[in-house]
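These are my notebook entries on one structure. I record in them what I looked up, entry by entry.

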Amino acid sequence: MAGVTPRILRPEHPAPRPIAGLVDEFDLQVDADLDGVEVTGITIDSSDVQPGDIFAALPGAHRHGAEFAAAALERGAVAVVTDPAGAAMLDTDVPVIVVDEPRAALGEIAAWVYRTDEQPPKLFGITGTNGKTSTAFMLEGLLADLGFVTGLSTTAERHVGDLVVTSKLTTPEASELHALLARMREAGVRAAVLEVSAQALERHRIDGVVFDVVAFTNLSHDHLDDYGSMDAYFDVKLELFTPDRAERGVVCVDTDWGVKVAERSRIPVTTVTSDPDRSADWHVDIWEETAVSTSFTLTGIDGGAIEVQIPFIGRHMAVDAAIAILMLVEDGFEIEGVAEVIDRGMRATLPGRIERVSGDGGPSVFVDYGHSPDAFAQTLQALRRVTEGRLVMLFGADGDRDTTKRAEMGRIAAELADAVVVTDFNPRTEDAASIRAQVLEGARAAAGDKPVIESSPEEDAIRAALALVGPGDTVLWAGPGDADYRDVAGRREPFVARDEARLALHEAGWN
Ligand SMILES: CC(=O)N[C@H]1[C@@H](OP(=O)(O)OP(=O)(O)OC[C@H]2O[C@@H](n3ccc(=O)[nH]c3=O)[C@H](O)[C@@H]2O)O[C@H](CO)[C@@H](O)[C@@H]1O[C@H](C)C(=O)N[C@@H](C)C(=O)N[C@H](CCC(=O)O)C(=O)O
Ligand SMILES: Nc1ncnc2c1ncn2[C@@H]1O[C@H](COP(=O)(O)OP(=O)(O)OP(=O)(O)O)[C@@H](O)[C@H]1O
């Protein structure tokens with residue numbers, strides 16, 4: 001894979017454990033001599049195997065992991081965990097542990113291998129369609145400002161203290177997650193923030209982890225290719241609010257889905273809203289929005305209030321910040337202490353989330369990770385409130401993902417921006433032109449007299465967008481965010497939208 005180096009963080013000094021202990025502890029079936037077999041790690045990916053690992057050969061959507069067992073053993077795997085179908089494909093002398101559903105057993109086994117139940121950090125988990133990464137970065141920043149050595153796992157990056165690596169999945173597979181937690185323990189991490197995707201909940205990626213506090217941001221149209229209906233998507237997310245998964249929760253009730261989470265949660269939750277007409281334990285009242293910051297008051301039902309200024313644009317970012325603050329409050333921090341830390345200036349930065357890439361003098365250009373209708377709406381409304389002139393939206397819809405949101409993304413862009421440039425965004429194995437056609441259909445139906453331009457590839461499209469604007473205007477390039485690649489025809493190639501936008505600005509004569 002060119003251009004990206006997703007790295008899996010593991011403990012640097014894993015303590016070997018005799019595999020016989022694992023078999024005893026979980027009463028596992030194995031038909032081999034376990035004497036002297038010691039394990040130091042576990043992975044589901046043959047290309048990630050290190051000597052001393054258990055290779056978990058899982059059945060996948062495309063292949064069975066057992067097909068790669070020979071490669072895993074060659075790299076030094078000392079045992080295999082698999083299902084009966086996988087076991088039938090193996091020809092090896094190493095111990096083979098057979099379980100009916102290896103994916104469902106992976107979290108517990110990985111927790112045992114990496115001993116992640118020993119000295120766990122405070123654990124915070126965030127779910128929802130949009131705002132997980134933003135909330136997670138803000139919460140990690142606050143924890144660092146409060147003096148903690150922190151860890152982070154998001155779509156964008158994983159952090160262990162000062163170490164930063166690029167993520168592959170939003171929520172790592174369970175084997176990778178427990179390796180990451182063990183690495184955090186080695187580094188003295190005392191508090192960690194993890195994004196929890198619906199896919200992670202459904203695919204056992206967070207098994208073996210119990211969060212101190214979890215949060216729900218919102219639910220809106222996305223991932224219907226995976227879940228079929230919003231109700232099914234909601235049910236998956238709700239699982240985070242059960243005692244097996246978490247102690248306490250914070251729920252944003254700006255959406256009716258949030259109200260449902262609060263009603264159906266099986267753990268104690270506190271609620272927050274930015275809608276003055278909704279009832280909640282906490283209210284967010286925004287009183288100033290500028291091109292560089294948002295200020296709001298966070299008021300509790302007991303009347304206590306704090307004033308907060310965040311260095312991010314928009315109501316949705318204020319809500320994310322309020323959720324981050326309340327997660328700390330739910331964990332036992334005094335809200336005044338958190339407010340004091342914020343007053344000194346938040347340290348958090350948000351990679352590729354309404355990130356300004358332009359300098360002074362010319363148009364404002366922002367790159368954003370939004371790739372769903374609601375994210376478009378929130379971001380465009382926020383930028384409209386701080387833009388004097390025209391607002392131009394540049395975006396594409398991703399391939400091999402929910403096709404039903406494409407026309408809707410086009411419609412929202414055309415309704416809320418003054419001009420729309422439709423381009424490509426990770427077409428993956430789909431035909432880029434036909435994805436654009438689906439987006440354009442929605443955009444043209446809603447645009448009236450507004451310009452709707454088709455431009456491909458992205459290098460041309462950003463220049464087409466800049467040709468429409470001048471000082472006082474804004475361009476929002478939604479989709480790529482902080483990504484350092486684009487996926488065309490199923491192959492990743494290096495591409496950094498921020499760099500391309502800066503280059504195009506420079507060519508147009510603006511710094
Ligand atoms: C639908 C889904 O989640 N698929 C994940 C799944 O793939 P799969 O079942 O197709 O696996 P497969 O390719 O058939 O391979 C089977 C097994 O063989 C192993 N293998 C495969 C090849 C090889 O050379 N060696 C090897 O060992 C694989 O590790 C796997 O265990 O297992 C793979 C290994 O971990 C994941 O990379 C893959 O995520 C794909 C890339 C993906 O795009 N997932 C998305 C939908 C996802 O999970 N997204 C959410 C966030 C969504 C959001 O909020 O926007 C996330 O948490 O990232
Ligand atoms: N509370 C919110 N409500 C709606 N949109 C939001 C909210 N917070 C952030 N966004 C927007 O949603 C998009 C994605 O933001 P972010 O990466 O924080 O969400 P995410 O849940 O991590 O997304 P993903 O699951 O795709 O990784 C961006 O356009 C961002 O500006």
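**Entry 1. Domains.** I began with the division of the protein, which consists of domain 1 (17-114), domain 2 (122-343) and domain 3 (355-507); the bounds come from an automatic or database domain assignment. The model is a predicted one: local features need pLDDT of at least 70, side-chain atom pairs count only at pLDDT 80 or more, and totals for chains, interfaces and linings use all residues. Residues are numbered from 1 along each chain as its sequence is written, and chains are lettered from A and ligands numbered from 1 in the order in which they are written.

I then looked up the pair formed by domain 1 and domain 2. Their centres, taken over C-alpha atoms, are separated by 33 Å. I noted 13 residues of domain 1 in contact with eleven residues of domain 2, where contact requires C-beta atoms, placed from the backbone, within 7 Å. On the side of domain 1 that touches domain 2, strand S4 (41-43) and helix H4 (102-114) each supply at least two residues. Helices (H or I, at least four residues) and strands (E, at least two) are DSSP runs, numbered from the N terminus. H4 gives the most to this side of domain 1, with eight residues. By class, the side has eight nonpolar, three polar and two charged residues. Ala, Val, Leu, Ile, Met, Phe, Trp, Tyr, Cys and Pro count as nonpolar, Asp, Glu, Lys and Arg as charged, and the others, Gly among them, as polar.

**Entry 2. Ligand 1.** Between which domains does ligand 1 lie? Domain 1 (17-114) and domain 2 (122-343) both give residues to its shell, so ligand 1 lies between them. I found 19 residues around ligand 1, and Gly-60, His-62, Leu-169, Thr-170 and Ser-197 are the closest. A residue counts as near if its C-beta atom, placed from the backbone, lies within 6 Å of the molecule. The shell divides into six nonpolar, nine polar and four charged residues.

**Entry 3. Ligand 2.** I next turned to ligand 2, which lies between domain 2 (122-343) and domain 3 (355-507) because both give residues to its shell. Of the 23 residues around ligand 2, Gly-131, Lys-132, Thr-133, Gly-370 and Ala-375 come nearest. H5, H11 and helix H13 (373-385) each supply at least two residues of the shell, and H13 gives the most, with four residues. By class I recorded four nonpolar, 13 polar and six charged residues in this shell.

Entry 4. An unreviewed UniProt entry carries the annotation "binding site" for Gly-128, Thr-129, Asn-130, Gly-131, Lys-132, Thr-133 and Ser-134. UniProt positions are given in the numbering used here, feature names are shortened, and annotations may be inferred rather than shown by experiment. I examined two of these residues.

Asn-130 is placed in the loop between strand S8 (122-127) and helix H5 (132-145). Is Asn-130 buried or exposed? Asn-130 counts as buried because it has 25 C-beta neighbours inside 10 Å; the class buried needs 20 or more other C-beta atoms within 10 Å, exposed means 12 or fewer, and partly exposed lies in between, with C-beta atoms placed from the backbone. Not counting residues up to four places away in sequence, Asn-130 touches Thr-217, Asn-218, Ser-220, Ser-372, Asp-374 and Ala-375.

Ser-134 is found in helix H5 and is buried, with 27 C-beta neighbours inside 10 Å. Beyond four places in sequence, Ser-134 touches Met-317, Asp-320, Leu-350 and Arg-353.

Entry 5. The unreviewed UniProt entry gives "modified residue: N6-carboxylysine" for Lys-237. I located Lys-237 in helix H9 (residues 230-238), where it is buried, with 22 other C-beta atoms within 10 Å. With neighbours within four places in sequence left aside, Lys-237 is in contact with Thr-127, Ala-198, Leu-201, Phe-216 and Leu-219.

**Entry 6. Nonpolar core.** Which residues of the largest nonpolar core touch the most other members? Of its 153 residues, they are Ala-322, Leu-394, Ala-413, Val-420 and Trp-477. The largest share of this core, eleven residues, comes from helix H11 (residues 315-330). A nonpolar core is a set of buried Ala, Val, Leu, Ile, Met, Phe, Trp, Tyr and Cys residues joined through C-beta atoms within 7 Å. Apart from neighbours within four places in sequence, Ala-322 is in contact with Val-272, Trp-282, Val-284 and Leu-298.

**Entry 7. Asp-285.** Lastly I looked up Asp-285, which lies in strand S16 (residues 282-289). Asp-285 is partly exposed, with 14 other C-beta atoms within 10 Å. Not counting residues up to four places away in sequence, Asp-285 touches Phe-296, Thr-297 and Thr-299.

How values were computed:
Contact = placed C-beta atoms within 7 Å.
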